[in-house]
Amino acid sequence: MDLNLGNVSADRSTGGSDEERVKVLILGSGPAGLSAALYAARADLNPVVLSGMELGGQVSLTYTVENYPGFPDGVGGMELVDLFRKQAEKFGARVEYDSAEKVDFSTRPFRVQSVNGKGYIADSVIITTGARSVHLDVPGENEFTGRGVSYCATCDGWFFKDKDVIVVGGGDSALEEGLFLTRYADSVTIVHRRDELRAGPVLIDRAQTNPKMKFEWNSVISEISGNGSVQSVRLKDTRTGKDRVMPVDGVFIFIGHTPNTERFKGQLDMDERGYLKVDQLMRTNIPGVFAAGEVADPHYRQVITSAGMGAAAAMQANHFLDTLSSA
Ligand SMILES: Cc1cc2nc3c(=O)[nH]c(=O)nc-3n(C[C@H](O)[C@H](O)[C@H](O)COP(=O)(O)OP(=O)(O)OC[C@H]3O[C@@H](n4cnc5c(N)ncnc54)[C@H](O)[C@@H]3O)c2cc1C
């Protein structure tokens, strides 16, 4: 593709020695970023992917993914994103083990400075920097993530058939996910630091009338223990400070979800929680800057939905570049 870069300011039209000119720069190497990379590569756009600190994204933290189509026996999270990466690279995508530090979307082409000190001058950018679940930060949480500790009921509920699980949190997501878990688990105990839930009245009513739901008020988890997988938690009473051990098979944590959008503040439109605002075509408020996956999706937060958004963003970036070159 021969790009018409007529509106490019002179000092941005060529990069210096530590700068590289690219047609499509993708920020993030999770399912959304690598799917965007595959589609952009197959459109002959030679995309460059900045992997960020977490190559493969959140799904690389999980042992087994059982809800991604095409793998009837499930697939390891790391294995799945490794296959995504290989497929994108096969068609010409390049993955750089580096992160975006500063972005400047004020003029096109856009400028992105990496943590390793490299500058990218990009005709289009696809942001797929994902999101992170807020952690409890207690001993055992990291050790047992994927072995009983989870941040996603849709992903992991199935593994807790006839088991006893805890849900941490008192908001809408904690109750929604807790109610979802009652389909599988024998019991779902909501552990909440206060004696009142923050969720909406309908959800509270559903939760309180569900025979599988129990409540531990004024309680926090101070430790998660087990042997290979979760076996118990230590619960501390927030009023008395007393603690006790509660046997449990799973701990689902829903105390918040934060999109990785700090460095885009002031440049891209976001909702009140910091998720990037995109239209149906994955376009942000800046023409040529697209966003896909969890960074722009507070609702579905799945591999398949993130991958789909990534593919759509790359198709739109291709369309955008085509329009530029024929202008
Ligand atoms: C433990 C766990 C288990 C899960 N299990 C399942 C499951 O079984 N099934 C399912 O469908 N979903 C599951 N999910 C959810 C799924 O992983 C996410 O929905 C999906 O990974 C989102 O993809 P994404 O590409 O939008 O973002 P992410 O996966 O969050 O990837 C974000 C990427 O952006 C990069 N990044 C961040 N900042 C920068 C920066 N400044 N510069 C460059 N790159 C940056 C990160 O390094 C990362 O590569 C699970 C999530 C977790 C945490």
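Start with the ligand: 31 residues surround it, and the closest are E54, Q58, N67, E294 and V303 (a residue is near a molecule or strand if one of its heavy atoms lies within 4 Å of it). Bear in mind that this is a predicted model, where local features need pLDDT of at least 70, side-chain atom pairs count only at pLDDT 80 or more, and totals for chains, interfaces and linings use all residues. Residues are numbered from 1 along each chain as its sequence is written, and side-chain values use heavy atoms, with hydrogens and water left out.

**Around the ligand**

- An oxygen atom of the ligand sits 2.6 Å from a polar backbone atom of E54, and an oxygen atom of the ligand is 2.8 Å from a polar backbone atom of V303.
- The protein covers 95% of the 1,000 Å² of accessible area that the ligand has on its own (areas come from the Shrake-Rupley method with a 1.4 Å probe).
- Two or more residues of the shell come from each of α1 (31-42) and α6 (303-325); helices here are DSSP runs of H or I with at least four residues, strands are E runs of at least two, and both are numbered from the N terminus.
- By type, the shell divides into 11 nonpolar, 16 polar and four charged residues, with Ala, Val, Leu, Ile, Met, Phe, Trp, Tyr, Cys and Pro counted as nonpolar, Asp, Glu, Lys and Arg as charged, and the others, Gly among them, as polar.

**The five-stranded sheet**

- This open sheet runs in the order β10-β17-β11-β12-β13 with parallel pairing (two strands pair if DSSP finds at least two bridges between them).
- Its edge strands, β10 (149-150) and β13 (213-216), each pair on one side only.
- Four bridges link β11 (residues 164-168) with β17 (residues 250-253) in the parallel sense, and V165 has G250 as its bridge partner in β17.

**The three-stranded sheet**

- Here the order is β14-β15-β16, and this open sheet has antiparallel pairing.
- At the edges are β14 and β16 (243-247), each pairing on one side only.
- Seven bridges join β14 (residues 219-226) to β15 (residues 230-237), and I224 stands opposite V233 in β15.
- On to β16: five bridges join β15 to β16, where V233 stands opposite M246.
- The hairpin of β14 and β15 has three residues between the strands, and G228 takes a positive phi near 90° there.

Conventions: A polar contact is a pair of N or O atoms within 3.5 Å; within protein, one must be able to donate a hydrogen and the other to accept it, and residues adjacent in sequence count only if both atoms are side-chain atoms.
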